[in-house]
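I opened the model today and kept notes as I went. The entries follow the order in which I looked things up.

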Amino acid sequence: MRDGLGAVQRVLLLGGASEIGLATVKELAKSGRLRHVYLAVRSVESGDAAQRELASLYPSLTITPLLFDAADQSTFEPMLNRAFSEGEIDCVISAFGLLGNDVAPLADVAGVNRLLQVNYVAAVITGTQVVQRFQSQGSGTLVVLSSVAAERSRFDNYVYASTKAGVDSWASGLADALKGSGIDVIVVRPGFVHTKMTTGLPVAPLATTPDQVAVVIVEAIKTRKPLVWAPKTVRPLMSTLRHLPRPVFQAVTKKAGNG
Amino acid sequence: MTQAQRRVISGWGRTSPITAEVARPDLDNAVSAIVQNADKIVARGLGRSYGDAAQVGGGLTLDMTGLDRILSFDASTGVVEVEAGVSLDHLIRTLTPQGWFVPVTPGTRYVTVGGAIASDVHGKNHHAVGSFGQHVVELTLVAADGSLITASADHNSDVFWATVGGMGLTGVILRAKVQMRSVETARMLATTQRAANLDDLMADMASIDTDVPYSVAWVDTSARGKRFGRGLISHGDHAKRSDLPTGANPFALGLPESVEVPADLPAITLNRYTVAAFNELWFRKAPRNATPILTSLADFFHPLDMVNKWNRIYGRPGFVQYQFVVPDSGAELIGKSIRAIAATGGTSFLTVLKRFGVGNQSPLSFPIQGWTLALDIPARIDGLEQVLDKLDERVAEAGGRVYLSKDARLRPELVATMYPRLSQWQETRRTLDPQGIFRSDLAVRLDI
């Protein structure tokens, strides 16, 4: 049960190996109230490493790995049924996704399809299935990892950006639809985050870390804020970029991309 | 069968809203059938518990306010039998003109008798007469299988005392017989007395309580330095006929029409400056020289009821009320907790201090002998969680506890320390409700 000051007791992390997701779980555990975390993971190995780390930090926390493959919709319901069968889930963090920088957007149709299926279709479908369950329990918080890329796509990330724009748009409308019902949907737009997914990529301005994103997310859960940026300063930056004339934006991003 | 509706409900502090299935029966024989068919259910009265005690997500919340009939009244003994949804307001309006007042009233008369029993509420007279449950002659409970159990301090006494203060988790309180107290008038002879600082305030309260049946103190948490903890003690007793001017109607209630806070105020409304300004005015409003004056019951007992939906002044984020009690040996926690809250930058708008007399047999009843302090704090104060967690630990170490009916955020691990007879209560509850169908969000959160 979520308490009156926003601390949660039972959490499901979709994308149980996500660095931002796991950092958020650790940040939530600081309240001393987190009891049970379900890690929805593609393979037990990725669950194991994350589990070991969490277990060593918080020995009293119950950690249950659940098999979940975002590219295989038949895994969604069994995973969610299991997590919700053992009591209320106070918070679901939807943190799975692919960056897709190995996908040639005009040559690799299968790769493009995979990005769409995982980042967009699976996020919306699992999100819908989660909110259905929140409606039965009367409350719950769904955290959806979007990206600043949802705001304006670039020449070098537009497939990824379009999936995030889709998820972001879906979740924002959903948050409005559920306002005041006891169910919160929180859209998180991180800027460049240093993770294993971004290793080797050119670092964008205002780069942040999973731990810093986690602090922003936990604050948003507490204050029921439907949209947050991480770090907060990327909001004015993106606002500026969004309003740049197209030739200027292209010049800026190409330069940054080549640098 | 009463049709359930989906509705957004929350406690008075509005920190934990949920969409719940709510059924509002208006015949008492409907309750058994509803309970029999439920797998998760809790009763709700007028929603004055601050946290999540009177709601249950994913189950059925039973709105008892449709069961609001006074069933019988014995004018020779003052025992009234009521349905559980009858409010103290209703009882006062009906019976005080006949010379009977409620035995115990909390700071609002908009609570139901069922809620008053389930929370074992206390009032300004706790040091003299104990809490509400001690004035319940008999109660009727709908058990998990739908059967009715009558219980009193003599008959089924374990069921009775598990239900008094039992947070609605032993069954649905359907009816109760309550011993009203006889009064000569509907007025109070009340004194408001200033105390210059916390030491004076606590010393004055301790001495006043030896001969005055009603007392409570308001603490100015904005005052600093030498004036830290200054406050006003409000004390008195029911006025006698002889206290009234000749010709006055002794039972004129004079209950005022309330005004309503029309909408949520912006969360910024209550900040340390506005609260400090209010506190200064409030303190100065009290006369320097304390003399007893005639006041209405409403002014003395229920000043906040003048403002309908006053919880809206905290805006949408809501607020928590932190109320704890410590034995006299832990009295220093009163000042320490006021300082700890002030250090967060949060200001408690309404801070109430009271001395309790001895507690009763109920394992989960809140009052124990000592000092109780209640602080109202906006929920959005940075670092509030950690400050309250630390206070909880000190309260528990001092042999005290927090009030479950006010709670929205206690750590579950501390409940058994604060309420050492918890396991005894759980034993009784298991016998009454082996499947555990009576559950509230509070029960789930605190794992009780």
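I began with B:Tyr273, which lies in helix H7 (residues 272–285) of chain B. Helices here are DSSP runs of H or I with at least four residues, strands are runs of E with at least two, and both are numbered from the N terminus. Is B:Tyr273 buried or exposed? I found B:Tyr273 exposed, because 10 other C-beta atoms lie within 10 Å. The cut-offs: buried means 20 or more other C-beta atoms within 10 Å of the residue's own, exposed means 12 or fewer, and partly exposed is in between, with C-beta atoms placed from the backbone. I also checked B:Tyr273 against B:Val325: 52 residues apart along the chain, their C-alpha atoms are separated by 28 Å.

Ground rules, before going on. This is a predicted model, in which local features need pLDDT of at least 70, side-chain atom pairs count only at pLDDT 80 or more, and totals for chains, interfaces and linings use all residues. Residues are numbered from 1 along each chain as its sequence is written, while chains are lettered from A and ligands numbered from 1 in the order in which they are written.

Confidence next. Chain B averages a pLDDT (the predictor's confidence in each residue, from 0 to 100) of 93, and 99% of the residues score at least 70. The model has ipTM 0.92 and pTM 0.94.

**Chain B sheet**

I followed B:Val325 into its sheet. B:Val325 stands opposite B:Arg401 in E21(B). E18(B) and E21(B) run antiparallel and are joined by 2 bridges. Pairing requires that DSSP finds at least two bridges between two strands. What is the strand order of the open sheet of 8 strands? I read E16-E12-E14-E13-E19-E20-E18-E21 (chain B), with antiparallel pairing. Strand E16 (293–296) and strand E21 (401–402) of chain B are at the edges with a single partner strand each, so one side of each has no neighbour in the sheet.

Then I looked at strand E20 (residues 370–378) of chain B. E20(B) is mostly covered, with 9 of its 9 residues buried. Strand E18 (residues 319–326) of chain B runs antiparallel to E20(B), with 8 bridges joining them. B:Tyr322 stands opposite B:Leu375 there. Strand E19 (residues 351–356) of chain B also runs antiparallel to E20(B), through 6 bridges. Here B:Lys354 has B:Thr372 as its bridge partner.

**Helices on that sheet**

H9(B) lies across E13, E18, E19 and E20 of chain B, at about 10° to E20(B). Angles run from 0 to 180 degrees between N-to-C directions, and axes are lines fitted to C-alpha atoms, for helices over the stretch in contact. Helix H6 (residues 198–208) of chain B lies across strand E12 (187–195), strand E13 (214–219), strand E14 (231–238) and E19 of chain B, at about 10° to E14(B).

How do H9(B) and H10(B) cross? The axes of helix H9 (residues 332–343) of chain B and H10(B) come within 10 Å and cross at roughly 170°. The two helices are therefore roughly antiparallel; the classes are under 35 degrees roughly parallel, over 145 roughly antiparallel, 65 to 115 roughly perpendicular and the rest oblique. B:Leu333, B:Ser337, B:Ala340 and B:Ile341 in H9(B) meet B:Val387, B:Leu391, B:Arg394 and B:Val395 in H10(B). I sorted this contact into 6 nonpolar, 1 polar and 1 charged residues. Nonpolar covers Ala, Val, Leu, Ile, Met, Phe, Trp, Tyr, Cys and Pro, charged covers Asp, Glu, Lys and Arg, and the others, Gly among them, are polar.

**Interface**

I counted 23 residues of chain B in contact with 18 residues of chain A. Contact means C-beta atoms, placed from the backbone, within 7 Å. On the chain B side, strand E2 (18–23), helix H10 (384–397) and helix H13 (441–446) give two or more residues. That side has 9 nonpolar, 7 polar and 7 charged residues.

**Chain A**

Last, the chain A sheet. 7 strands form an open sheet in the order E3-E2-E1-E4-E5-E6-E7 (chain A), with parallel pairing. Strand E3 (62–67) and strand E7 (227–230) of chain A are the edge strands. Helix H6 (residues 210–223) of chain A lies across E4, E5, E6 and E7 of chain A, at about 160° to E7(A).

How values were computed. Two residues are in contact if their C-beta atoms, placed from the backbone, lie within 7 Å.
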